[in-house]
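Let's take a walk through a protein model together. Have a look at the sequence and the 3D view first, and then read on.

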Amino acid sequence: MRLAKLAPTSARPVRPVDVGVLEARTLGAAYERCRQLHARHGRTYYLATLLLPRWKRRHVHALYGFTRYADEIVDDLASTLDGAGQAAALRAWGERFFAGLRGAPCDDPVLPAVLHTVRAFDLDPSDFERFLDSMAMDLHTGGYRTYDDLLGYMEGSAAVIGTMMAPILESADPPGAREHARQLGLAFQLTNFIRDVAEDHRRGRVYLPAADLERFGVRRADLAAAPATPAVAELLAFEVERARAHYAAAEPGIELLAPSSRPCVRVAVELYGGILDEVERAGYQVLGRRVAVPRHRRLGVAGRHWAAARTAARAERRVSVTTPGAR
């Protein structure tokens, strides 16, 4: 499941930031580290979060920090950890997190922010368990036979990220919003799998289902190098439409969110969905280069929704306070 790459360089558990001995270990510092991680390694996602009210942003950054750290343990090509070392580091990270949830002291540069966010929104710990289980699968699973098999992996690696986010974004219909958020997580991750198919192949993984490869006459080796063959292009076109079906299933959930959250999600949908447009525009030639939505378009999309985001945030702050005994 990739987000972006840092570079662990020792057999110790990786740290997502270089924390000097004099740096503060306060809750505010932990949130700031998560924000910096997000800004540095999740630029499109980070841009969308800038449209959220400030108080919501830090919680989104905290969840990114959690997933960023775990993903880095299992996915960094420059890591000196072997498979056993990666598994041990991932287990240790999960143990520190769950111990913190139980009230154990947490001397970690990032986890205090994550733990605070989990408690603030009463997030389901089982979502975090499923996420870590899927990350562990990346250490020993190199492919999936069917799309249903892949969905089993994506439930933990992507769908639960959507459901973690749903309470932060607020909704008048939490059960309904949860399913739409799940679909959006699946849409985003399948988009990444399409864009990064060659990069994943170098890691020994092919996330696109083997049954789909067989349907279009594609071998795993065909995903190793550019240019993409006509068969590979047909395969990717099929997966693009599958991803768009998840986006369509997620779309009604946007209107269920608090008005101040909607512009952020609309920007994220437009920009991640725009990756699929870029894949098509490139003629599905994604094996030799990483396609991306141009920076000017990213800024333009965010700019179009900026006024609505500020208006909604201001409206939510127009409140009245009645004290006991007041008429």
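The paragraphs below go from the confidence of the model to its helices and then to a few single residues.

This is a predicted model, so local features are described here only at pLDDT of at least 70 and side-chain atom pairs only at pLDDT 80 or more, while totals for chains, interfaces and linings use all residues. Residues are numbered from 1 along each chain as its sequence is written, and side-chain values use heavy atoms, with hydrogens and water left out.

How confident is the prediction? The score to look at is pLDDT, the predictor's confidence in each residue, from 0 to 100. The chain has a mean pLDDT of 90, and 91% of its residues reach 70 or more. Over residues 2-20, however, pLDDT stays under 50. Where pLDDT is low, the predicted coordinates should not be read in detail.

Now find helix α1, which spans residues 27-41. Helices (H or I, at least four residues) and strands (E, at least two) are DSSP runs, numbered from the N terminus. With 15 residues, α1 reaches 21 Å from its first C-alpha to its last, close to the 21 Å expected at 1.5 Å a residue; the expected span is 1.5 Å times one less than the number of residues. Among the buried residues of α1 are Ala30, Tyr31 and Cys34. Here, buried means under 20% relative accessible area, exposed over 50%, and partly exposed in between (1.4 Å probe, protein chains only). The cover over the buried residues of α1 includes α2, α3 and α5.

How do α1 and α5 pack against each other? Their axes are 7 Å apart, at an angle of about 100°. Axes are lines fitted to C-alpha atoms, for helices over the stretch in contact, and angles run from 0 to 180 degrees between N-to-C directions. The two helices are therefore roughly perpendicular to each other (under 35 degrees counts as roughly parallel, over 145 as roughly antiparallel, 65 to 115 as roughly perpendicular and the rest as oblique). Leu27, Ala30, Tyr31 and Cys34 in α1 meet Pro112, Ala113, His116 and Thr117 in α5; contact means heavy atoms within 4.5 Å.

Let's zoom in on threonine 117, in helix α5. Threonine 117 counts as buried, at 0% relative accessibility. Leaving aside neighbours within four places in sequence, its contacts include Tyr31, His59 and Ile168.

Aspartate 122 is not a glycine, yet its phi is positive, at about 50°. With 67% relative accessibility, aspartate 122 counts as exposed.

Next is helix α6, residues 125-137. Its buried residues are Asp127, Phe128, Phe131, Leu132, Ser134 and Met135. They cover an arc of only 155° around the axis, which puts them on the same side of α6; the arc is that of the directions from the helix axis to the C-beta atoms. What covers them includes α3, α4, α5, α7 and α8. Proline 125 also lies in α6, and at 34% relative accessibility proline 125 counts as partly exposed. Beyond its neighbours within four places in sequence, proline 125 is in contact with Phe98 and Leu101.

Finally, visit two loops. Proline 227, between α10 and α11, is joined to alanine 226 by a cis peptide bond, with omega about -5°. Tyrosine 284, between α12 and α13, has a positive phi near 65° and counts as buried at 16% relative accessibility.
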